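Some notes on this entry follow, as numbered points. Please read them alongside the model.

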Amino acid sequence: MDFKDRLREEISFSGLSYKELSAKSGVSKRTIISYVSEQSCMPSADAAVKLAKSLNTSVEYLINGEKDGLQNSKFNEDSRKLLHTFSRMPASQKKLLLSIADDIVKLLE
């Protein structure tokens, strides 16, 4: 897998459209499309940082596939979706969900 494939995958996982990613990152939609096209080009360092930050991933992962931190864990797609959804919740909903998860763990013990 190369840069364009990892970028496509992260965009898909984020649920953002190219237009939304452009607005969030400050990288033009046309430029983003050029990165994921068949004749893809590598982004500037500045663009790579903006895209990685907007997609909640690292520049290292987008550029060369090296994963670090939380992404280094062997999360499956369901776990990644759960983490992504959780990260977008308001604090009150996060607190409620964590309380429910604690109760489930206690029931299973």
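1. Buried residues account for 26% of the 109 residues in the chain, where buried means under 20% relative accessible area, exposed over 50% and partly exposed in between, with a 1.4 Å probe and protein chains only. The model is predicted: local features need pLDDT of at least 70, side-chain atom pairs count only at pLDDT 80 or more, and totals for chains, interfaces and linings use all residues. Residues are numbered from 1 along each chain as its sequence is written, and side-chain values use heavy atoms, leaving out hydrogens and water.

2. The chain has 7 helices and 0 strands, in the order α-α-α-α-α-α-α. Helices (H or I, at least four residues) and strands (E, at least two) are DSSP runs, numbered from the N terminus. Of the contacts between residues at least 6 apart in sequence, 50% join residues at least 24 apart; contact means heavy atoms within 4.5 Å.

3. Helix 1 covers residues 3–14, and its 12 residues at 1.5 Å a residue should span 16 Å, which agrees with the 16 Å between its end C-alpha atoms. The expected span is 1.5 Å times one less than the number of residues. Buried in this helix are F3, K4, R6, L7, E10, I11, F13 and S14. G15 follows helix 1 and has a positive phi, near 80°.

4. The axes of helix 1 and helix 3 (residues 29–36) come within 8 Å and cross at roughly 125°. Helix 1 is therefore oblique to helix 3. Axes are lines fitted to C-alpha atoms, for helices over the stretch in contact, with angles from 0 to 180 degrees between N-to-C directions. Angles under 35 degrees count as roughly parallel, over 145 as roughly antiparallel, 65 to 115 as roughly perpendicular and the rest as oblique.

5. Which residues meet across these two helices? From helix 1 they are F3, K4, L7, R8 and I11, and from helix 3 they are I32, Y35 and V36. The residues of this contact divide into 6 nonpolar, no polar and 2 charged.

6. The structure holds 1 aromatic pair. F3 and Y35 form this pair, edge-to-face, at 6.0 Å centre to centre and 80° between the planes. Rings of Phe, Tyr and Trp (its six-membered ring) pair if their centres lie within 6.5 Å; planes under 30 degrees apart count as stacked, over 60 as edge-to-face and the rest as tilted. The pair links distant parts of the chain, with F3 in helix 1 and Y35 in helix 3, 32 residues apart.

7. F3 counts as buried because its relative accessibility is 4%. Y35 is also buried, with a relative accessible area of 5%.

Notes: Nonpolar A, V, L, I, M, F, W, Y, C, P; charged D, E, K, R; others polar.
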